[in-house]
Amino acid sequence: MKFNIWFLLKILAYIAIIMFFLFPIAWIFNMSFMTNDEILRKVPVLFYEPTFKNYIGLWEGEIAIEGFATMYVFFKQNLINSAILSVGSVSVTLLLGVPAAYAFARYKFKGGEDIAFTLLSFRFAPALLIILPLNLYFSKIGLYDSYFALIWVYQLITLPLLLWIVRGYFEDISPDIEYAYRLDGHSWFQSFWRISIPLAKPGIAAASLLCFIYAWNNFVFALILGSSQIQPVTVGALAFITASAIPYGLIACGIVVSVLPTLILALFIQKYLVQGLSLGAIKG
Amino acid sequence: MSHSKMKSAIDTFLKGQMSRRDLLIKAGRYGIGFAALTKLMGMQVTSALAAQDFDWKKHSGTTIKLLMNKHPYMDSMIAELDNFKALTGMNVEYDIFAEDVYFDKVTAALSSGSSEYDAFMTGAYMTWTYGPAGWCADLNDFIQDSNKTNPSYNWNDVVGNLRDACSWSGVAGDAPGAAGSKQWCMPWGFELNSVTYNQRYFEKAGMKPPGDLVEMTDQAEYFTKNAGSNEWSYGIGTRGSRSWATIHPGFMSAYANYGLTDFENNGGKLKAAMNSQASKDFHKQWVKMISSSGPANWSGYTWYEVGNDIGAGASAMIFDADILGYFFNGNPDNKEAGNFGFHGFTPNPSASAPTPNVWIWSLAMSNFSKKKDAAWYWMQWCNGPENAMAGGVKHNQVNPVRESVWASGDFDDKIRGTSPGYMEQYNSSIDGSKIHFTAQPLFFETTTEWAAALQEMQTGSNVDETLDKLASKIDRMMKDVGLA
Amino acid sequence: MSYLNLENLSKSFKDDKVISNLNAKIDKGEFFVVFGPSGSGKTVLLRLLSGIMLLDNGEIEMNSQVINEFQPEERDISMAFQNFALYPHMKAYDNIASPLRANNMNIPDDEIDQKVKEVASLLKIEHVLNQFPKELSNGQKQRTSLARSLISKPSVVLLDDPLRNVDAKIRFEMRLELPRVLKEFNTTVIYVTQDFREAMALGDRIAVLYDGKFNDINSPKNIYQNPSSLTTAKLFGDPTINNFDANIKKQNDFVHVEVKGEQFKLKRKTNIQDGDCIIGIRPEDIILSNESSENSIEVEFRTKTPLNLRIVFLVRLNNGLEFLCSTTEEESQLIDENKKMYISFLDEKSHFFDKETKRNLE
Amino acid sequence: MKINRKLFPYVLTLPALLVCVGILIPFFTAVYYSLQRYNLKMPHMKGFIWFDNYVNIFTDPSFWNTIKVSLTYTFFTIIIELLLGLGIALLLAKRNWLNNILGVLLVLPLMIAPALASLIWRLLINPNFGIVNYLLSFIGLDDFTWASHPDTVLFTLIMVDVWVFTPFIMILLLAGLRSLPRQPFEAAELDGVPEYYKFFRITLPMLFPFILTASLFRLLESIQQFDIIYALSQGGPGESSMVFQVSAYLQTFQYTNIGKAAAMMVVLWAICYFLCHVFVKQWHKLKIKTKGELLQ
């Protein structure tokens with residue numbers, strides 16, 4: 001009987017988790033096929049004729065409200081901007097962060113921990129504290145409104161995150177495995193590339209996904225440091241609210257579309273995430 | 001060719017010698033559709049301007065950049081922008097940001113002293129910050145300079161209260177528009193705070209729009225009490241977020257209607273006046289109304305939720321910007337679109353007319369601009385009489401700031417056609433409308449604190465004590481900057 | 001001229017001198033065993049030789065070339081790790097092939113294949129080549145690791161206690177097999193162990209590592225029979241060597257020994273000085289009997305226990321001194337513990353050590 | 001090309017450091033601002049006043065309220081997210097199709113930008129149209145006040161924060177759980193050790209470094225949370241949900257009181273620095289305990 005009670009509790013836990021975390025998501029998805037009239041009801045409508053108007057509008061960038069006005073959205077450009085900013089940031093972060101994480105994990109060197117802590121401390125410099133001076137300097141040196149500048153600033157968010165997560169994974173790899181590879185006649189770089197990185201892959205994958213999400217969702221840096229030409233979806237989606245309506249369906253639709261790239265990335269990465277480091281002898 | 005005949009017809013129309021209806025009839029006769037007519041009209045306006053004794057091409061080839069808020073005004077400007085480009089040979093770029101973040105963007109951009117943007121949208125209150133900070137150019141330097149301003153611009157055509165509201169001397173307590181004021185911005189479109197109500201609901205309840213604040217409270221209570229069996233959910237929509245935006249619309253309009261002021265001005269020294277007995281009584285009435293029959297989540301309500309609720313039929317009436325009602329009434333995506341009535345509201349039983357506080361979307365010129373003269377070309381075009389007319393008649397530039405637009409039959413037709421009662425609301429309110437706040441540098445600090453105090457009162461704090469606390473807090477803030 | 005020349009090697013971690021002034025000359029093709037108790041720095045020594053760690057001081061000379069600053073991959077030295085250090089994400093095959101795929105080798109795939117299979121068959125692991133390390137038994141892991149260290153025929157192979165983590169049966173098998181396999185590769189082997197039997201079974205020479213240096217470098221037989229110090233003598237032998245503070249006096253062909261008032265004499269020659277020293281006698285060099293004889297001493301039986309196919313007796317002298325004696329199974333059966341017991345010493349097999357320095361005095 | 005082995009770690013880490021160091025200039029500029037009377041709209045009053053801004057905020061009771069609210073918010077979000085995230089990670093640790101799919105789907109809340117997520121939550125809990133409110137009405141909770149009453153506002157904000165950020169903890173702990181070496185578990189199973197003992201004596205200690213890393217980052221974010229709070233309550237009603245970032249945001253962008261805002265942010269920075277320092281120290285201690293110090 002004891003087994004059954006545990007099993008029941010487990011099922012209940014699954015249901016509770018799915019309800020709390022996924023019901024709002026399902027509802028957002030649902031709303032993206034509704035008109036505002038259907039969304040804004042005292043008693044929610046469950047059966048309605050799904051409309052693709054929101055999706056079409058987003059894609060075409062032009063939403064005509066008959067006999068009233070035409071609303072323009074730049075969502076496609078926002079989406080492209082988000083992609084450029086996020087992919088760019090994560091790439092730079094991987095390039096800079098993975099070797100640094102390795103060094104912190106593997107070597108004890110003078111000032112090493114200080115450097116690691118300093119890098120972490122960038123993470124807790126409140127954005128509000130630095131944003132105005134940053135804007136001032138970027139304007140002065142002509143970096144205002146450039147992808148380059150934003151990708152640079154995004155490193156403050158993504159780099160420490162990746163560094164401190166991946167570092168732990170490198171620490172879990174027995175150094176002997178790398179030494180063995182060196183003794184086989186491979187250079188440091190080869191051992192780093194073929195041994196250390198593959199073995200830390202789940203950590204790198206998880207960290208990259210999180211970095212991507214944080215870059216994708218960033219709001220304030222892009223808003224202040226860029227013109228509307230390079231704004232990501234987070235800023236762009238706010239412009240759906242007009243003086244004549246809060247188009248919740250459109251907002252929901254924007255959320256669905258803006259989440260898709262991240263979701264696809266997560267599905268792609270999940271192979272590494274769930275694979276885990278189940279390789280047994282990794283810890284020496 | 002019919003086009004040339006049509007052009008002359010348009011000229012006649014533009015000179016005010018032909019009504020819009022006649023023009024449309026003529027166009028129909030020549031087989032010209034509405035779209036083509038619009039285009040033709042734009043061209044004709046442009047050519048009319050181009051014919052002036054004014055060098056519109058002076059800045060040909062110059063590119064200016066605007067920082068704009070996402071707004072119907074902006075949309076109507078963009079729709080006409082090609083005409084400006086054709087007229088001047090200039091190029092115009094613009095950055096548009098959502099209203100939620102727009103002013104943060106402006107503050108960041110201007111505080112950096114960057115010459116990125118030449119002109120931008122602003123509210124009058126914001127220039128109480130931007131002006132003293134040295135971010136805005138004084139537009140008097142341009143308006144008064146006949147070399148820079150085209151002869152038909154006619155600044156005095158702009159509603160006087162609004163022109164005043166957009167200027168200030170920078171001295172705390174000085175009224176906007178008083179002697180020594182600098183024209184920090186110029187009005188582009190504005191809002192009066194009045195009552196918009198759901199006619200269907202009011203008919204069903206057998207009511208007329210409220211005559212004063214007490215009646216409004218009673219009516220709102222009726223709607224809230226009877227929400228269960230009806231479509232609506234509550235009686236009265238007003239803003240309630242912890243922000244200056246909660247104070248300036250309906251609340252301030254009503255406050256002023258009772259003859260109350262935010263500060264006592266003793267020769268440039270300001271003393272908070274929110275805790276006068278009359279003010280306390282007013283607050284009690286107001287808090288009673290929103291507590292008993294405002295939205296259940298009032299303390300988070302922003303303008304777009306106020307609009308959304310009446311648009312979706314949740315609230316029976318709102319006391320907020322008239323254009324909010326106008327726009328939500330016009331957008332057929334809203335369930336209750338077309339059902340709204342408009343009502344110039346006099347909260348104080350002993351007052352004779354409404355005294356709406358105004359919100360003015362304005363245009364300002366960045367003091368850091370390296371192309372001020374060129375930017376001015378765009379500005380005088382943008383709210384010049386021709387474009388204002390085009391915006392008012394063809395687009396959604398409501399409320400227009402020029403008397404000439406209000407006087408035009410076409411605009412009148414359009415408004416009466418789409419929103420019955422709106423004109424009456426406007427006419428009854430406009431004379432008493434102005435900025436009822438005391439102009440002073442801590443406008444945002446004091447109004448935000450005020451809103452926070454309102455929230456506290458709404459959730460049960462003692463009104464008298466809360467207001468005393470608020471007043472002493474504001475006095476302290478004033479003292480810190482040497483104004484008390 | 002030796003092939004591998006270690007001169008004054010030193011390495012310390014913070015204040016801990018793990019290796020200090022270690023010297024050795026190792027010949028080409030030699031099976032050189034480094035033996036030492038745990039924590040004596042054996043692994044560190046191998047890491048210094050392989051280039052994983054850098055020396056503080058000294059010189060490593062290989063084939064007349066100082067290789068101190070060489071990267072691990074440049075040294076032509078391979079190593080089998082105590083924990084095997086197999087690449088978990090590669091199959092056994094790829095683990096073994098790894099050294100052949102290093103970029104300076106340029107070996108075609110079919111040749112690699114052939115070599116992997118060769119060495120796998122030599123080590124009897126052909127059937128597991130397609131498995132991942134986590135699917136292998138410890139013995140198979142150990143052979144894979146060995147195969148990887150040998151396949152590229154490096155000049156020097158370092159084996160870091162390779163039999164430590166495998167069970168007794170495999171350990172025994174491998175002890176037999178290793179010399180044969182290593183011979184095939186005709187390579188210089190430095191083999192680290194903390195099992196003196198393993199050291200004695202495998203080594204051409206044994207270097208005994210403690211106090212950061214090699215204290216004996218000698219053939220297994222010599223080390224056992226003529227340890228340079230009491231410490232070495234204690235390390236070799238199980239049960240460990242009996243040792244007592246003693247006073248000796250040479251007389252004719254005899255050495256008179258006095259230990260805590262008890263006196264006996266050993267018939268042997270020596271050149272050491274009369275006086276205080278430490279005498280060491282291995283348990284198997286003590287004859288245990290129920291009958292007294294010339295030079296025998298009466299003892300009291302305390303306990304006995306089997307150890308490594310021998311029986312170890314603990315006996316006590318009248319003065320309270322305790323001895324460990326070990327006998328074969330058969331011998332032990334001849335001894336009746338309930339009767340009086342006597343011990344006597346194999347005269348030549350006793351060792352004298354300096355009281356202070358613990359050096360062998362002979 | 002040969003790089004000195006002593007220098008090598010620096011070669012690997014310095015690029016990352018250099019890229020971030022650019023930020024130090026604006027940081028120090030901001031610290032400098034915090035020592036000035038500096039309100040953009042009152043340029044004539046600008047001047048160096050040493051620590052007056054700090055004295056002012058620390059003598060202002062509303063700032064202490066801000067600290068209290070921020071720390072309360074941080075404490076509860078972290079505790080709840082940690083427990084929930086750990087629970088979910090344990091529930092999903094076993095590999096099967098359901099867990100694999102949930103492992104991705106449960107990250108969805110994190111994928112929605114908090115600024116947008118909050119907008120949707122405003123609708124979900126809207127008393128007139130919200131589905132959540134509608135569902136709650138069946139259990140008699142239809143007039144739950146959510147973010148519009150001081151008694152419930154923190155609960156509401158924490159709930160949304162938990163909804164958004166629990167997945168962050170979950171991802172890290174799930175990856176951590178799955179990377180634990182198997183030997184100790186196998187050994188424990190052979191010994192027939194009970195489940196709870198296995199959890200407290202093996203799983204939890206081995207997972208601890210992951211837990212520390214995850215909570216460290218959540219801590220830094222939570223104490224600096226802005227999007228969710230600003231979108232849902234703007235710090236209200238009254239001062240009941242006024243946290244650091246909202247307060248500093250108002251000072252910066254609405255009141256243009258740069259000096260005071262910078263002082264508040266520097267205080268926040270110092271709190272983060274202190275907490276971070278404690279965490280990292282613990283983290284190192286733990287590492288040494290579980291793994292032994294690296295030789296090199």
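How far apart are the nearest C-alpha atoms of chain B and chain C? Select these two chains first: they do not touch, and their nearest C-alpha atoms are 50 Å apart. Keep in mind throughout that this is a predicted model.

**Chains A and D**

Next, select chains A and D. Five pairs of chains are in contact, and the pair A and D shares the most contacts. Here 82 residues of chain A are in contact with 74 residues of chain D.

**The largest nonpolar core**

Now show the largest nonpolar core, which has 435 residues. Pick out V166(A), A119(B), L173(D) and M265(D), the members that touch the most others in the core. Then select helix α9 (residues 150-179) of chain D, the source of the largest share of this core, 18 residues.

Centre the view on V166(A). Leaving aside residues up to four places away in sequence, V166(A) touches G97(A), V98(A) and A101(A), and also A200(A), G203(A), I204(A) and A207(A).

**Chains A and B**

Move to the contact between chains B and A, where 31 residues of chain B meet 27 residues of chain A. On the chain B side, select α4 (72-88), β2 (91-97), α5 (99-111), α14 (303-311) and α15 (322-330), each of which supplies at least two residues. The largest share, six residues, comes from α5(B). By class, this side of chain B has 11 nonpolar, 11 polar and nine charged residues.

**A sheet in chain C**

Finish in chain C with an open sheet of five strands. Its order is β15-β19-β16-β17-β18, and the pairing is antiparallel. Select β15 (286-289) and β18 (322-328) of chain C: these stand at the edges with a single partner strand each, so one side of each has no neighbour in the sheet. Direction ignored, neighbouring strands of the sheet are turned by 45° against each other on average.

Inside the sheet, select strand β16 (residues 297-307) and strand β19 (residues 341-345) of chain C, which pair in the antiparallel sense over three bridges. Zoom in on V299(C), and opposite V299(C) stands M341(C) in β19(C).

Conventions
Residues numbered from 1 in each chain as written. Chains lettered and ligands numbered in written order. Predicted model: local features only at pLDDT ≥ 70, side-chain atom pairs only at ≥ 80, totals over all residues. Contact = placed C-beta atoms within 7 Å. Helix = DSSP H or I, 4+ residues; strand = E, 2+ residues; numbered from the N terminus. Nonpolar A, V, L, I, M, F, W, Y, C, P; charged D, E, K, R; others polar. Core = buried A, V, L, I, M, F, W, Y, C linked by C-beta atoms within 7 Å. Buried ≥ 20, exposed ≤ 12 C-beta atoms within 10 Å, placed from the backbone. Pairing = 2+ DSSP bridges. Axes fitted to C-alpha atoms, helices over the stretch in contact; angles between N-to-C directions.
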